[in-house]
Amino acid sequence: MTLRRFFVLEGIDGSGTTTQLSLVGKKLIQLGHSVQTSCEPTQGPVGALIRQVLSGKARLGQNALAHLFAADREEHVNGSGGIRECLAKGMIALSDRYLFSSLAYQTISEDPALPFSINAPFPLPEALFFLDIDPDISLDRIRGRGELEVFENRPFQMEVARRYRCVLGLFGETGTKIYSIDARMEPEAIANEIIDKLIPLLG
Ligand code: TYD
């Protein structure tokens, strides 16, 4: 099932999804749209626990982490103030990461079937914007920010990039429109490209 007016940004670490969430959100508001921006991991209690694991402060097995991402997503989609509620009010929902992140990241260390099965019940977005960047460039950006998270190393990010390509291929036939954007460009240029692709979808 595809949810109209639900859009997601995806990419490896340091690809700029968070910057684009803010820029694209602001541009849509300037254009007169009503928008709710959100991110995964969320700001909720499950998201907070996930961030502890990502920072290395808490330790969990990869399968448990995959379940946590799915529990966080459940709240994000179906919980109070979540994506479904926002769409029901006629707003646009724009998310920094969604289930495609789980399919690219959580399939690496453990049973690859698990992320696919636990994420199968979630609705798909109308469109996905993949911020495409070489892991060497994105890792340079991340290093400039300070402390590295557990996934932020070159071999892992190379593998995430490879898996994203497979995942995007798999979802090509689902009804979700997939756009690959050159994420080496300036943030403003990237946001404008996303907006150009979004506007025709908003009808
Ligand atoms: P990120 O958006 O990079 O958070 P921040 O920049 O605020 O630290 O996401 C955190 C990390 O979580 C990132 O490495 C991707 C990873 N992640 C998964 O492994 N699976 C998921 O399902 C999601 C949503 C994120």
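Which residues does Pro187 touch, not counting residues up to four places away in sequence? I found Thr19, Gln20 and Leu23, with contact meaning heavy atoms within 4.5 Å. Pro187 and Gln20 are 167 residues apart in sequence, yet 7.0 Å apart in space, C-alpha to C-alpha. Pro187 is in helix α9 (residues 187-202). Its relative accessible area is 36%, so I noted Pro187 as partly exposed; buried would be under 20%, exposed over 50%, and partly exposed is in between (1.4 Å probe, protein chains only).

Ground rules, for the record. This is a predicted model, where local features need pLDDT of at least 70 and side-chain atom pairs count only at pLDDT 80 or more, while totals for chains, interfaces and linings use all residues. Residues are numbered from 1 along each chain as its sequence is written, and side-chain values use heavy atoms, with hydrogens and water left out. Helices (H or I, at least four residues) and strands (E, at least two) are DSSP runs, numbered from the N terminus.

**The sheet**

I looked up the strand order next. Five strands make an open sheet, ordered β2-β3-β1-β4-β5, with parallel pairing; two strands pair if DSSP finds at least two bridges between them. At the edges sit β2 (35-39) and β5 (177-182), each pairing on one side only. On average, neighbouring strands here are turned by 20° against each other, direction ignored.

Then I went through some of the pairs. β2 is joined to β3 (residues 92-96) by five bridges, running parallel, and Gln36 stands opposite Ala93 of β3. Four bridges join β1 to β3, also parallel, and Phe6 stands opposite Ala93 too. On to β1 (residues 2-10) and β4 (residues 124-132): they pair in the parallel sense over six bridges. Val8 has Leu128 as its bridge partner in β4.

**Helix pairs**

Axes are lines fitted to C-alpha atoms, for helices over the stretch in contact, and angles run from 0 to 180 degrees between N-to-C directions.

I started with α2 (residues 45-55) and α3 (residues 62-78). Their axes come within 9 Å and cross at roughly 150°. That makes α2 roughly antiparallel to α3; under 35 degrees counts as roughly parallel, over 145 as roughly antiparallel, 65 to 115 as roughly perpendicular and the rest as oblique. The crossing is left-handed, a term for the near helix being turned anticlockwise from the far one by less than a right angle, with clockwise giving right-handed. Among the residues in contact are Leu49, Ile50 and Val53 of α2 and Leu65, Leu68 and Phe69 of α3. By class I got nine nonpolar, one polar and one charged. Ala, Val, Leu, Ile, Met, Phe, Trp, Tyr, Cys and Pro count as nonpolar, Asp, Glu, Lys and Arg as charged, and the others, Gly among them, as polar.

Next I checked α3 against α5. These axes come within 10 Å and cross at roughly 170°, so the two are roughly antiparallel to each other. Gln62, Leu65, Ala66, Phe69 and Arg73 in α3 meet Leu99, Ser102, Gln106 and Ser109 in α5. That contact has four nonpolar, four polar and one charged residues.

Last pair: α5 (residues 99-109) and α8 (residues 154-170) pack at about 130°, axes 9 Å apart. They are therefore oblique to each other, and α5 passes α8 in a right-handed crossing. The contact residues divide into nine nonpolar, four polar and two charged.

Is α5 enclosed or open? Nine of its 11 residues are buried, so α5 is largely enclosed by the rest of the structure. The cover over the buried residues includes β1, α3, α6 (113-119), β4 and α8.

I found a cis peptide bond joining Glu40 and Pro41, with omega about -5°. Pro41 is in the loop between β2 and α2.

Arg5 has a positive phi of about 70° without being a glycine. Arg5 is in strand β1 and counts as partly exposed at 22% relative accessibility. Arg97, also not a glycine, has a positive phi near 80°. Arg97 lies in the loop between β3 and α5 and counts as buried at 13%.
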